[in-house]
Amino acid sequence: MSQPLGEPLQVEVWSDVQCPWCWIGRRRLQEAVAATGEEIELVYRSFELAPDVPVDYDGTSVDFLADRKGMPRDQVRAMMARVTEIAAGDGLEYHLETARQTNTVLAHELLHLARERGVQEQLKERLFRAYFTENRHVGDVEELVSLAVESGLDAAEARAALADHRYLPAVRADVAQARAYGINGVPFTVIDGALGVSGAQSADVFAAALRQARAARAGATSVPAS
């Protein structure tokens, strides 16, 4: 295990709570951090895969993907089965066919509150499990408040923040930054604002990126995609 030197590396991850590869990517990044012994400051940034979807989408997740991508439903189910198998290999339990498709902007707003209160990682993990494993409605205010409380947030503050949308500008700023970086899909990880890793890469790839960022910290300025 390598020994980290200096201040923690800043790791920003653009993701959506309905993105199956984003939870897989989180697990692999965690494995890389453990393997390298690197100190990081992890921040989750907002990215909406389907901002036009209504909160109460009338259909299944299979319907959603089939209609959006124009794929046969059998092909969608086969794709879901494959992702579920991959997720299981990373210790994650997915139930994709019964997942509740929704609009995730409120979840992103709540994640910004959680960051300010120092519990963003706890809420991110809880939202992933709620959506993929428990098939809860992560676009519903009361469901979100319940998950927020489980993650260490105050119920009244969470409910008020969702009601007045005080963190919506922060969500929009994350989306704008993603566009500026040329990010078209998630997960996308940016280390120290200098090194970009696209997708749910293996733990070895994340570990190599962390080592590279540490070695090149002083002079790295661009964001190449791996």
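The second largest cavity has a volume of about 30 Å³; a cavity is a set of points on a 1 Å grid over the protein atoms alone where a 1.4 Å probe fits but cannot get out, and a volume is the space filled by probe spheres set on the points, joined across faces, edges and corners. The model is predicted, with local features needing pLDDT of at least 70 and side-chain atom pairs pLDDT 80 or more, while totals for chains, interfaces and linings use all residues. Residues are numbered from 1 along each chain as its sequence is written, and side-chain values use heavy atoms, without hydrogens and water.

Select Tyr44, Arg45, Ser46, His108, Leu111, His112, Gln120 and Lys124, which line the second largest cavity (an atom within 4 Å of a point). At least two lining residues come from each of β2 (40–46), α4 (105–116) and α5 (120–133); helices (H or I, at least four residues) and strands (E, at least two) are DSSP runs numbered from the N terminus.

Next, select Val13, Cys22, Gly25, Arg26, Leu29, Tyr44, Pro187, Thr189 and Phe206 to display the lining of the largest cavity. About 40 Å³ of space lies there, and helix α1 (residues 20–36) gives the largest share of the lining, 4 residues.

Finally, move to the largest pocket, with a volume of about 520 Å³; a pocket is an open set with protein on both sides within 12 Å along at least five of seven lines. Of its 22 lining residues, Gln18, Pro20, Leu49, Leu65 and Lys69 are the closest to its centre. Colouring α2 (61–69) highlights the largest share of this lining, 5 residues.
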